[in-house]
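Please keep the sequence and the model in view while reading.

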Amino acid sequence: MNPRRTLAKTRRRKPPPAPMHVLPNAELLALDPGLLHPAAARFSGGKLVRAARVPVEASWSRLGIAQRQLTIAQAIVDWVKFVDDWHHLPPVTHVVFEYPQVYSETKAMGVRPKDLLAILGVAEVTVGILAGRHHLTVYGPTPNEVWGTMPKCTTGDPRESVRGARVWSRLSPGEQTGLELTHDAVDAAGLGLFVLGRFERVRVFPGAT
């Protein structure tokens, strides 16, 4: 056996993909970061506790981009602490956010690549703050992995959109009461459902009851 050929084959082999699903007992935070309407969803025991937009002050738009990212990230962390304290939850152990796919502006529906990088910065800084307090496991699926071809909507009742209808159908009545009816909050909740393994298509077989 040629050792060089064996070494080349070994180098070409890709490592197996990391598992994307978390256990139901994970204390999970799902982020839909943004510069205008960031949102977060907090899951505990595999169930949605609260999903909502995180309040952002208009004056933050005048900050430099790095300071703006830090300020928004801190606001998200403060939101998490409020929800955790209110519901007496343990600290977050797992975080998930979409890792952006950078396309041309046309394919990205007008979203500029530099805006995607700014949004990613908010997510990364949020994770950094939380990781400085507790050990974290972080997931970064791409939008296509989470949503496939389901389009993103920004207007109207989110439950009437393709994404919103899927998310709403996967939540129990109790979880639905904790979901703020904004597209950003619904996207955050859907991301959490995805990583918990609750977002797959429901198959109904003939004769099933």
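Two strands pair if DSSP finds at least two bridges between them. Helices (H or I, at least four residues) and strands (E, at least two) are DSSP runs, numbered from the N terminus. This is a predicted model, in which local features need pLDDT of at least 70 and side-chain atom pairs count only at pLDDT 80 or more, while totals for chains, interfaces and linings use all residues. Residues are numbered from 1 along each chain as its sequence is written, and side-chain values use heavy atoms, with hydrogens and water left out.

The chain has 7 helices and 5 strands, in the order α-β-β-β-α-β-α-β-α-α-α-α. Of its 209 residues, 43% count as buried, meaning under 20% relative accessible area with a 1.4 Å probe and protein chains only (exposed is over 50%, partly exposed in between).

Strand β4 (residues 94-97) has two pairing partners to look at. With strand β1 (residues 28-32), β4 pairs in the parallel sense over 4 bridges, and Leu-31 has Phe-97 of β4 as its bridge partner. With strand β5 (residues 137-139), β4 is again paired in the parallel sense, over 3 bridges; here Val-96 stands opposite Tyr-139. In a regular strand the side chains alternate between the two faces of the sheet. In β4, His-94 and Val-96 point one way, Val-95 and Phe-97 the other, and all are buried.

Helix α5 (residues 162-170) has as its buried residues Arg-163, Gly-164, Arg-166, Val-167 and Arg-170. They lie on the same side of α5 because they cover an arc of only 165° around the axis, the arc being that of the directions from the helix axis to the C-beta atoms. An α-helix has 3.6 residues a turn, so residues three or four places apart point the same way. The buried residues of α5 pack against α4 (143-147), α6 (173-176) and α7 (183-195), where contact means heavy atoms within 4.5 Å.
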